[in-house]
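Here is a short report on one protein and its ligand. Please look over the sequence and the 3D view before reading on.

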Amino acid sequence: MRHSAQDSSLSSGQAIRVLVTGAGGFAGAGIALALNRAGFSVFSHVGRGGESGGADLTSEADVARLLKGASPDVIVHTAAISSSDACERERDEAFRVNVGATMHLVQQASHRSAGLQTHRPPYFIHLSTDLVFDGGVAPRGGFTERDEVCPRSVYGLSKLESEQIVLGSSLERSVLRLSLLYGRSPSARQGFLGWMAGGIRAGGPVRLFVDEWRTPLLLSDLSEVVRRLVVAWGEGRLTADSELLHVSGSERVSRHDFGVRYCEHFGLSPDAIVGVRQADVASVAPRSPDVSLSNEKLQRVLGYCPATVEEGLKLLREDFGA
Ligand SMILES: NC(=O)c1ccc[n+]([C@@H]2O[C@H](COP(=O)([O-])OP(=O)(O)OC[C@H]3O[C@@H](n4cnc5c(N)ncnc54)[C@H](OP(=O)(O)O)[C@@H]3O)[C@@H](O)[C@H]2O)c1
């Protein structure tokens with residue numbers, strides 16, 4: 001990753017203060033670490049836990065306390081109920097967290113800056129999902145930012161509503177629609193890859209869909225996209241083009257093929273993997289067959305191209321020192 005020391009500072013020379021919500025989670029922990037290493041002043045909100053930095057974002061009082069303590073220039077909002085099944089089971093809670101918490105953050109961030117003439121309002125980076133699309137059939141090359149959204153699940157619907165809150169605000173903002181994430185995170189939560197790799201190493205069986213297509217995104221690529229956006233914001237270079245971006249890996253693959261290729265890269269036998277079809281597996285949340293995203297706009301706006309599966313798994317293997 002290339003960046004200069006100046007990248008992480010405002011024109012005043014002060015380090016840009018970044019609040020990362022959900023920094024106890026898979027994506028948040030990785031982003032917070034990467035921004036910290038890049039020289040930003042990072043305030044990690046770890047989740048609802050009791051330790052310092054914990055706050056329940058569905059509570060307006062907790063959000064007020066958090067924003068007062070962190071006094072951020074930039075908010076990277078990753079906190080969410082990120083499991084589709086959990087959202088389907090607990091619909092009210094899904095909306096309370098994914099929509100309600102986003103609303104509290106956006107409203108209070110807008111408010112805080114309203115009275116401060118000298119203070120630039122915080123820049124709000126919001127993580128959303130490919131599951132805002134129906135995914136019956138993805139267009140060739142993947143869904144673009146211009147394609148019509150139509151979520152199938154409570155999770156997708158709640159994330160879409162959260163997008164609308166952010167995009168409807170007066171804050172400078174970027175909504176990042178992410179594909180399935182994989183990679184190395186300092187969090188105890190290891191996402192899809194952790195579940196899959198753990199199962200394979202334990203001998204399986206690990207059931208992976210042969211008819212569910214994604215454009216998997218390496219966590220370090222997401223962190224780099226966030227870093228570039230924060231730098232561009234600090235330098236006053238953000239344009240309306242960065243309000244809505246699809247942040248995906250550069251290759252479309254089925255979950256099953258991803259698993260097999262993971263085994264190839266890590267010298268494991270793929271015998272533990274069992275290919276299954278969506279129709280053969282009962283699931284709580286409705287599943288979307290193909291929500292592949294196109295990252296063409298991202299490449300144009302930020303000049304950055306996330307890894308293919310091949311490149312990503314190679315980087316991951318090096319990262320793990322394997
Ligand atoms: N992982 C993926 O493949 C993927 C793909 C597309 C989009 N995304 C999006 O990326 C973001 C991060 O996902 P992730 O996989 O990193 O999620 P994650 O590992 O499940 O972490 C979620 C974080 O949110 C926090 N949180 C949940 N409810 C909260 C509340 N009421 N108050 C405060 N904190 C709360 C959790 O803290 P607790 O410890 O308190 O629960 C945790 O730190 C989400 O917005 C998700 O929709 C993820």
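## Contacts and overall build

Two residues are in contact if their C-beta atoms, placed from the backbone, lie within 7 Å. Take the contacts between residues at least 6 apart in sequence: 80% of them join residues at least 24 apart. The model is predicted.

The protein has 10 helices and 12 strands. Its C-alpha trace spans about 60 × 45 × 40 Å along the principal axes. A compact globule of 322 residues would have a radius of gyration near 20 Å, and the protein agrees with that at 19 Å. Buried residues account for 49% of the 322.

## The ligand shell

The ligand is surrounded by 28 residues. The closest are G22, G25, G47, R48 and A80. Helix α1 gives the most, with three residues.

By type, the shell holds 13 nonpolar residues, 11 polar and four charged.

## Strand β3 and its partners

Strand β3 covers residues 74-77. It runs parallel to β1 (residues 17-21), and four bridges join the two. V20 has V76 as its bridge partner in β3. Strand β4 also runs parallel to β3, again with four bridges. Here I75 stands opposite F124 of β4.

In a regular strand, side chains alternate between the two faces of the sheet. Are the faces of β3 covered or open? Both are covered. V74 and V76 lie on one side, I75 and H77 on the other, and all of these are buried.

## Helix α7

Helix α7 takes in residues 219-234. Its 16 residues should span 22 Å at 1.5 Å a residue. The end C-alpha atoms are 23 Å apart, which agrees.

How many residues of α7 are buried? The count is 15 of the 16, so the helix is largely enclosed by the rest of the structure. G236 follows α7 and has a positive phi, near 70°.

## F40, in a loop

F40 sits in the loop between α1 and β2 (41-44). Is F40 buried or exposed? A residue is buried if 20 or more other C-beta atoms lie within 10 Å of its own. F40 has 24 C-beta neighbours inside 10 Å, so it counts as buried.

Which residues does F40 touch, leaving aside neighbours within four places in sequence? The contacts are S8, A15, I16, V18, L35 and V230. V230 falls within the residue range of α7. F40 and S9 are 31 residues apart in sequence, yet their C-alpha atoms are 7.3 Å apart in space.

## A70, in helix α2

A70 lies in helix α2, which covers residues 60-70. With 22 C-beta neighbours inside 10 Å, A70 counts as buried too. Leaving aside neighbours within four places in sequence, its contacts are R17, L19 and F43. R17 and L19 fall within the range of β1, and F43 within that of β2.

A70 and L127 are 57 residues apart in sequence. From C-alpha to C-alpha, A70 and L127 are 19 Å apart in space.

Terms used:
Residues numbered from 1 in each chain as written. Near = placed C-beta within 6 Å. Nonpolar A, V, L, I, M, F, W, Y, C, P; charged D, E, K, R; others polar. Rg over C-alpha atoms; globule rule 2.2 N^0.38 Å. Buried ≥ 20, exposed ≤ 12 C-beta atoms within 10 Å, placed from the backbone. Expected span 1.5 Å × (residues − 1). Pairing = 2+ DSSP bridges.
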